[in-house]
Amino acid sequence: MNLPDGLVPVADGLHLWAPAHTGTWGFANCLLITSGEEAALVDTPYDRVMTEALVAAAGPLLGAGGVRTIVNTHGNGDHTFGNGCFPGAEIIATKAGAEHLCHEPSPQQMHFLTHQTPADQPLGWYARRHFGRFRYEGVEAVPPTLTFSGRYELTVGDVRAELIEVGPAHSAGDLVVHFPGRGVVCAGDVLFAGDHPVHWNGPLSHVVAACETVLALEPEVVVPGHGAVMTPRDVQWYVTYLRELEALIHGRYAAGCSAGEAAADILASGFHDQLGLPERIVILTAVEYRHLDGDTGEPDLVALAARAADWAYRNRGDD
């Protein structure tokens, strides 16, 4: 596994851990907040190996107390499985996010998917291809210790952070972190850069609204959940992308296409084929169809991923 050498300064007291992998899953951005002897972390990596590498890189910036506060932008494992590497830390998330953690695949389930599912079948092939590099053994999902709804203000030394609930959008309980006076917003998986996004809850109009909340904060720098740091112009482009995709899906729904037919048609059209992971269009379309059908049940993340895996397997070419 290729890991970055260290942390990149984003603003005074803010350093970015950016694995910078595109074309695959699981390499989430994390933001370290330091001020004097105090330190906090926005999101934690997917496994212990990556989390220990982050801690080692952060060592020169940390006081004796280490990281004592963690903010989880949402409950997906690639942003939370490292929580257990910070024993005693307060873990902050939205109340909605905490209430839906039972629907997130556990480390044990991810280990099963990457080791026990048939390697010659779509889901097993896909799980090994994109998640087989991570080490889920010995990882325990550690839930939040403090939850909120709406807004919550966090101070780390002289660094002030506003936690703003924007879900349901990517997940049931998304939040973004705004640093007033520093021009930075950490957006979690409300935003992706470099690849097609994946949004489990939606609808897409809610993701658009979350992005517009980010823009309304007038940041200079936006940290997406995955991929390179973004500018407000990049965020606006992403909003346009989401609206274009929403129109394409809704048009096919109105024409009586199934979700699978709609996704295949959109993919065949070459929709933003400069982006990686095109199979995520299958997930986005299925989620949007659920809302158009009035389905208010909980999304099955593994079943949705299996749909994407099936498309990727059938279109894998020679690799």
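R290 is buried, at 13% relative accessibility, where buried denotes under 20% relative accessible area, exposed over 50%, and partly exposed the range in between (1.4 Å probe, protein chains only). Its salt-bridge partner is D295, which counts as partly exposed at 37%. A salt bridge here requires a side-chain nitrogen of Lys or Arg within 4 Å of a carboxyl oxygen of Asp or Glu. By this rule the model contains 8 salt bridges.

The model is predicted: local features need pLDDT of at least 70, side-chain atom pairs count only at pLDDT 80 or more, and totals for chains, interfaces and linings use all residues. Residues are numbered from 1 along each chain as its sequence is written, and side-chain values use heavy atoms, with hydrogens and water left out.

| Salt bridge | Closest N and O atoms |
|---|---|
| R290 and D295 | 3.6 Å |
| E212 and R243 | 2.5 Å |
| R182 and D12 | 3.8 Å |

The pair E212 and R243 connects helix 5 (residues 204-216) with helix 6 (residues 232-254), across 31 residues; helices are DSSP runs of H or I with at least four residues, strands are E runs of at least two, and both are numbered from the N terminus. E212 is partly exposed at 36%, and R243 is partly exposed at 41%.

D12 is exposed, with a relative accessible area of 60%.

Elsewhere, salt bridges with shared partners join E153, R160 and E162 into one network.
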